[in-house]
Amino acid sequence: MGITFDDFMKEALQLADRAELQGEVPVGAVVVKDGVIIGRGFNQPVSSHDPTAHAEIVALRDAAKNIGNYRLVDCDLYVTIEPCAMCAGAIVHARIRKVYFGATEPKAGAVVSTQRFFEAPQLNHRVEAAGNVLEAEGRRKIAAFFVNKRKSP
């Protein structure tokens with residue numbers, strides 16, 4: 001049967017769990033090339049003291065290091081929530097082919113929610129995007145995280 005889109009997103013969801021264990025917003029991402037995961041990442045801005053350490057950027061950095069090239073041509077990114085503008089910019093610069101995301105992010109999502117970053121005419125690379133991949137699971141993780149955070153002193 002082979003590996004499916006859902007399998008890659010399930011790996012991203014597991015990475016989101018790692019973020020949550022570290023007190024981070026539970027977002028995970030994987031970079032896939034030729035059906036193989038070459039990069040993994042989860043949110044780490046708080047623990048790493050790095051505002052750019054979003055799951056997508058951590059996964060892009062890991063993939064680039066693993067293949068020895070910052071251009072991730074013919075690679076796809078799976079992320080549990082819609083990327084923000086910062087991550088969308090990094091995705092374009094990395095030359096990602098397609099982004100699959102889970103839940104939309106109405107406040108900061110830059111793919112379909114607050115803007116359509118990948119459709120900007122001035123960009124020199126086009127990224128395809130598809131949302132709602134295991135959306136309910138990603139949305140549940142985020143919602144539960146913030147409910148628990150509000151309950152904590």
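This is a predicted model: local features need pLDDT of at least 70, side-chain atom pairs count only at pLDDT 80 or more; totals for chains, interfaces and linings use all residues.
Glu-24 is buried, with a relative accessible area of 2%. Glu-24 sits in the loop that runs between helix H1, residues 5-21, and strand E1, residues 28-33. What lies 3.1 Å from a polar atom of the Glu-24 side chain? The backbone nitrogen of Val-46 does. If we leave aside neighbours within four places in sequence, the contacts of Glu-24 are Ala-19, Asn-43, Gln-44, Pro-45, Val-46, Ser-47 and Phe-145.

Helix H5 covers residues 135-151, and its axis comes within 11 Å of the axis of H1, with a crossing of roughly 10°. The cut-off for roughly parallel is an angle under 35 degrees, and H1 and H5 are therefore roughly parallel to each other. On the H1 side the contact is made by Leu-13, Ala-16, Asp-17 and Glu-20, and on the H5 side by Glu-137, Gly-138, Lys-141 and Phe-145. Sorted by class, that contact has three nonpolar residues, one polar and four charged.

Two of those residues are worth a separate slide. Lys-141, in helix H5, is buried, at a relative accessible area of 18%. Buried means under 20% here, so Lys-141 at 18% falls in that class. Which side chain does Lys-141 join in a polar contact of 2.4 Å? That of Asp-17.

Helix H3, residues 55-67, packs with helix H4, residues 85-94, at an angle of about 20°, and their axes are 9 Å apart. That makes H3 roughly parallel to H4. The crossing of the two, H3 and H4, is left-handed. From H3, the residues involved are Glu-56, Ile-57 and Leu-60, and they meet Met-86, Cys-87, Ala-90, Ile-91 and Ala-94 of H4. The class count for the contact of H3 with H4 is seven nonpolar, no polar and one charged.

Staying with H4, which of its residues are buried? They are Cys-87, Ala-88, Gly-89, Ile-91, Val-92 and Ala-94. What do these buried residues of H4 pack against? Against H3, strand E3, residues 75-81, and strand E4, residues 98-103.

Strand E3 holds Leu-77. Leu-77 is buried, and its relative accessible area is 0%. Not counting residues up to four places away in sequence, Leu-77 touches Ala-29, Val-30, Val-31, Glu-56, Ala-59, Ile-91, Ile-96, Lys-98, Val-99 and Tyr-100. Take Val-30 from that list: Leu-77 and Val-30 are 47 residues apart in sequence, and their C-alpha atoms are 5.8 Å apart in space.

For contrast in sequence and space, here is another pair. His-54 and Gly-102 are 48 residues apart in sequence and 15 Å apart in space, again C-alpha to C-alpha. His-54 is in the loop between helix H2, residues 45-48, and H3. Is His-54 buried, exposed or partly exposed? It is partly exposed, at a relative accessible area of 23%. With neighbours within four places in sequence left aside, the contacts of His-54 are Asn-43, Pro-45, Cys-84, Met-86 and Cys-87.

Last topic, backbone phi. Most residues other than glycine have a negative phi. Arg-95 is not a glycine, yet its phi is positive, at about 70°. Arg-95 follows H4 and is found in the loop between H4 and E4. Arg-95 is buried, with a relative accessible area of 17%.

Asp-34 also has a positive phi in a residue other than glycine, in this case near 50°. Where does Asp-34 lie? In the loop between E1 and strand E2, residues 36-42. Asp-34 is exposed, with a relative accessible area of 69%.

To recap the helix pairs: H1 and H5 cross at roughly 10°, and H3 and H4 pack at about 20°. The contact of H1 with H5 includes four charged residues, and the contact of H3 with H4 includes one. That is the end of my slides.

Technical notes: Residues are numbered from 1 along each chain as its sequence is written. Side-chain values use heavy atoms; hydrogens and water are left out. Axes are lines fitted to C-alpha atoms, for helices over the stretch in contact, and angles run from 0 to 180 degrees between N-to-C directions. Helices (H or I, at least four residues) and strands (E, at least two) are DSSP runs, numbered from the N terminus. Angles under 35 degrees count as roughly parallel, over 145 as roughly antiparallel, 65 to 115 as roughly perpendicular and the rest as oblique. A crossing is left-handed if the near helix is turned anticlockwise from the far one by less than a right angle, and right-handed if clockwise. Contact means heavy atoms within 4.5 Å. Ala, Val, Leu, Ile, Met, Phe, Trp, Tyr, Cys and Pro count as nonpolar, Asp, Glu, Lys and Arg as charged, and the others, Gly among them, as polar. Buried means under 20% relative accessible area, exposed over 50%, partly exposed in between (1.4 Å probe, protein chains only). A polar contact is a pair of N or O atoms within 3.5 Å; within protein, one must be able to donate a hydrogen and the other to accept it, and residues adjacent in sequence count only if both atoms are side-chain atoms.
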